[in-house]
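Visitor: I would like to go through the charged contacts here. Could we start with the terms?

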Amino acid sequence: MKINFYKGIAYATLVSLSLVACKPKLDADMPASKAELDLSNYVSVGNSLTAGYADGGLYRDAQLNSYPNFIAQQMQLAGGGTFAQPLFSETQANGSGYLKITGWNTDGTPILSEETTNLAVVDALTGQLARHEGANNNYGVPGIRVADVNFAPYAQLNPYFERLLPAGTQKTYTDMVSGANPTFFTCWLGNNDVLGFATRGGDPEANPVGSTPIPTSEFPVSALGADGAITDSAFFAANYKALVDKLTANGAEGVLATIPDIASIPYVTTLNGIIADGAGGVFPVVPLDATTAATLNGLYMATGYSNPGFVAGNNYFVISIDDPNTGTIEVRQMNPATDYILLSAQGLAPQLATGLGVALPNNGSNPSLPNPPFTSLPAPLPNWAVLSAEEVELVRTYTGYYNDIIRKTAEDKGLALVESDLFFDYIKATKTIDGVSISSDFISGGLFSVDGVHLTPKGYAIIANQFIKAINYTYGSAIPLIDVNAKNYRTVVFP
């Protein structure tokens with residue numbers, strides 16, 4: 001059986017197949033060759049993944065190992081042109097800064113420290129980065145969403161975008177990349193249109209410092225591009241179509257890529273397993289007798305929460321699923337199979353043993369809840385720390401909408417397509433691809449960097465091959481694949 005992650009047909013059939021039973025490989029029956037591809041001006045369009053972002057930052061070594069740079073190197077073996085990147089200088093090689101492993105906790109989790117030397121940050125207050133001047137073919141902008149591509153002021157709101165333009169310039173991302181006049185392009189955009197919501201646990205109040213709070217009317221789905229909300233599918237479709245229309249206006253060929261499932265990244269899936277491992281391999285439970293269960297239920301309801309449903313016997317930790325549109329403080333017990341404690345909440349894990357997720361002693365610090373009568377206070381896991389099953393389903397629904405739009409656009413324009421959602425699912429299931437041993441396991445798997453979202457150099461080389469396969473399949477070209485095993489690209493750097 002053959003699966004093409006770059007072949008946009010029979011999708012419904014493919015996703016229903018057992019991924020474990022199938023080994024993806026390039027089809028031998030290539031389509032008839034089209035006119036010879038013009039690879040003289042390859043331009044990459046996308047977000048942090050396209051830029052080469054890794055380990056929670058953008059830095060020179062990561063840029064050099066970006067998947068577009070790997071693709072360009074292989075294109076040059078088939079007559080492609082030069083590919084310039086907006087590299088940080090060697091004296092500012094650490095760019096925005098990044099995370100590095102400096103030791104290990106007793107539970108085996110890594111101690112991460114921020115790299116603060118040789119940075120390219122020229123204004124610590126705004127995050128402004130040293131401006132790139134000169135040729136550029138890699139227009140990956142960390143943080144950019146499809147929601148942002150036609151909003152000119154965004155050029156001055158994102159330091160990664162700002163550094164690619166002359167000082168004080170306002171230009172839409174669509175105009176910038178189409179103005180590069182590509183003869184060929186890759187476009188992997190849309191991840192951030194759901195990722196911001198997911199990595200904040202679907203919490204409208206968990207915004208980065210300096211960002212605008214999400215209006216209740218624009219949460220959880222925004223038709224206006226509110227930061228941290230999910231982008232409305234109609235808004236996504238209009239912006240995505242406008243972008244691709246401009247990229248192809250002068251006859252450029254290219255590749256589009258779909259968006260992976262949110263539960264394929266370690267940032268979402270790792271911590272539940274770490275907590276379970278620390279409890280002997282099974283996710284911990286909270287044993288209660290009938291009296292204590294009733295008392296805790298009453299405590300939650302008396303202090304403004306919904307009933308968490310504690311019962312006599314084993315219970316799970318309580319999570320906040322508060323919806324700002326209801327005006328209530330909703331909680332329930334988590335299901336560790338479908339509710340994910342996010343990697344950003346790693347610091348909370350030790351507190352589970354002291355009452356977090358159930359109740360904590362009332363120290364009298366809240367004057368509205370005098371001590372006594374409330375000798376304990378409800379302590380659900382905060383909203384920002386957990387991506388609940390309901391939120392996972394919402395993210396998957398909109399990821400499905402976006403992927404349908406991307407697939408339809410590729411079909412309408414005759415462009416190649418990388419089914420990255422199937423690709424990441426396959427690796428998660430099989431821990432191998434194209435003869436390369438790789439997995440999505442945090443730190444040890446080799447695919448993802450220490451931020452749990454972005455890839456390692458080895459991971460970027462592997463995804464570059466999927467783009468090359470898509471190009472060869474769709475256009476009948478013969479760009480050679482990367483021999484990932486022979487190149488021995490690095491994964492996570494250990495101390």
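Guide: A salt bridge is a side-chain nitrogen of Lys or Arg within 4 Å of a carboxyl oxygen of Asp or Glu. This is a predicted model, in which local features need pLDDT of at least 70 and side-chain atom pairs count only at pLDDT 80 or more, while totals for chains, interfaces and linings use all residues. Residues are numbered from 1 along each chain as its sequence is written, and side-chain values use heavy atoms, leaving out hydrogens and water.

Visitor: How many salt bridges does the structure hold?

Guide: There are 16 salt bridges.

Visitor: Which residue does K241 pair with?

Guide: K241 pairs with D245, their closest N and O atoms being 2.8 Å apart. Both lie in helix 8 (residues 233–247), 4 residues apart, which means about one helical turn between them. Helices (H or I, at least four residues) and strands (E, at least two) are DSSP runs, numbered from the N terminus.

Visitor: Which residues are in the network of salt bridges?

Guide: The network links K241, D245 and K413.

Visitor: Now D421 and R407: how far apart are the closest N and O atoms?

Guide: The closest N and O atoms of D421 and R407 are 2.9 Å apart, in a salt bridge. This pair links distant parts of the chain, with D421 in helix 12 (residues 420–430) and R407 in helix 11 (residues 389–413), 14 residues apart.

Visitor: Is D421 buried or exposed?

Guide: D421 is buried at 5% relative accessibility, and R407 is buried at 11%. Buried means under 20% relative accessible area, exposed over 50%, and partly exposed in between (1.4 Å probe, protein chains only).
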